[in-house]
Amino acid sequence: MRGFLASSIGVTCAVALALPLTPPATAAPVAPAAGRATGTAGPDLPGSTQSLPLTPLATGPTADRTLGPAADQGVTRREVARFSMVGVVWNDPDTALHGEVQVRSRSTGTGTWSDWRDVETHNDDAADPDSAERATGRVRGATAPLWVGDSDAVEARVSAEPADRTEETGRTEETARAVRPRAPLPEGLRLELVDPGDAPADPASRAAGTPGATESAEATEAAVANADLAPAGATEIPALGRTATERELVTLRGTELTDDQRAKPHIGDRPRIVTRRGWGADEKLRERKFVYTTTVKAAFVHHTATGNGYTCAQSASVIRGIYRYHVKSLRWRDIGYNFLIDKCGGIYEGRAGGVGKAVLGAHTLGFNSNSTGIAVLGSFGSAKPPAAAVTALARLTAWKLGLYGANPRGKTYLKSGGGNLYRKGKNVRLNVISGHRDGFATDCPGGQLYSRLGTTRTTAARYQGR
């Protein structure tokens, strides 16, 4: 989800980091973590977050002198509590990180260190500027989170890119780079290490085995929001066939349907959706209140930029990691996306409030109202999205948009809440199924996934019977 600078649309960061690759793990000892990491939880709790401040990295013979002195920050190699996802946050959500972020981690299973991995520096999923979610003044700027797998040691480095080029006539490129200033890094940089934890035990089973154990009010409310689609406590909303889906449409939105929509509803069969209980959401993390918009006129497609190195069995863990990162590290009210899809085509409920309802998300800054945000787990700038995920995207949009009478092959108008492509208040004509980049200057959902949206629109419309 790398954003494009307004002054240099389409230019991605290509600056090398100022530090060379760290030698293999056997060549340098691992330093103990400095101080107690915040938010560390015991193994009996469903996940934790460690937050480590970034500090200036040493200059000298190991630094890349061509980029100038001491702009790099990082975390030196150290042992930490177990984690599986990493990201970098900073104080001001309106400040961009113009530079490069890399991390490496030590696997708990093999004890070996990974290569340096790039972290997507622009996390353009966000609440609208004037929304209550932003009005708290607590939200942070952040990179996208990166899934690294079960790890127990980490090292990170952040390097600023050079500022705009100045007059370089008569200078060699090396000399020009040496004197070119670098853009300042955001204030308050911290490395967030997320342990998604194991899925909490089913509340019903826990209550049966432990006298007095009850489900939290937050968990009950999240389940009740889907009461029209599945019984309370369900870990999934099952798939429905055509007749049952059309009957459900009348039940859910009967008073808003026209006679033509009643006579010939255009809606795809309801797909199987794993509920928040199914992927193990700790409902006490999020803000309790649900926020809704008027309708759903469009679907924005994203990729999570968390990398593709997860298995389908780990999908729920990846989602719990993103959820914790959005809420605890970025300080959003809940996970930003309304739905998530894994590489095997599994569909998951995102932000709480009911999968059939117009829940306000935090996915496309400026266009969260009257839309839904769907994120495919992975990074699809150069990697092709799995066919199962693309099929699931078409099935989900055919159903969700069908609930609100939207044609997947059509166009619609949304009013911008403000962003880097459209001024606040502008009515923008968009595809009913749009990519994140259609509403915000960003690479998201990656070129490979974006190129499949035409096929997705056609397939979703066919699923709706159009």
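This is a predicted model: local features need pLDDT of at least 70, side-chain atom pairs count only at pLDDT 80 or more; totals for chains, interfaces and linings use all residues.
Cys 312 is partly exposed, with a relative accessible area of 24%. The link between Cys 312 and Cys 344 is right-handed, with 90 degrees about the S-S bond. Two distant parts of the chain are connected in this way: Cys 312 belongs to the loop between E12 and H8, while Cys 344 belongs to the loop between strand E13 (339–341) and E14, and the two are 32 residues apart. The structure holds one disulfide. Another cysteine, Cys 444, counts as buried because its relative accessibility is 0%, where buried requires a value under 20%.

The aromatic side chains come next. Across the whole structure, a search finds three aromatic pairs. One of them is formed by Trp 279 and Tyr 323, whose arrangement is edge-to-face, with 5.5 Å from centre to centre and 80 degrees between the planes. Trp 279 is part of helix H7 (residues 276–279) and Tyr 323 is part of helix H8 (residues 315–329), so this pair ties together parts that lie 44 residues apart in sequence. Both Trp 279 and Tyr 323 are buried.

A further pair is made by Phe 300 and Phe 367. Phe 300 counts as buried because its relative accessibility is 0%. Phe 367 is buried as well, with a relative accessible area of 2%. Ring pairs extend this arrangement to Tyr 422, which forms a cluster with Phe 300 and Phe 367.

Aromatic rings also take part in contacts with arginine. Arg 77 lies over the face of Trp 113, at a distance of 4.6 Å from the ring centre. Elsewhere, Arg 395 is placed over the face of Tyr 463, at 4.3 Å from the centre of that ring.

Definitions and conventions:
Residues are numbered from 1 along each chain as its sequence is written. Side-chain values use heavy atoms; hydrogens and water are left out. Rings of Phe, Tyr and Trp (its six-membered ring) pair if their centres lie within 6.5 Å; planes under 30 degrees apart count as stacked, over 60 as edge-to-face and the rest as tilted. Helices (H or I, at least four residues) and strands (E, at least two) are DSSP runs, numbered from the N terminus. Buried means under 20% relative accessible area, exposed over 50%, partly exposed in between (1.4 Å probe, protein chains only). A charge sits over a ring if NZ of Lys or CZ of Arg is within 6 Å of the ring centre and within 35 degrees of the ring normal. A disulfide is a pair of cysteine sulfur atoms within 2.5 Å.
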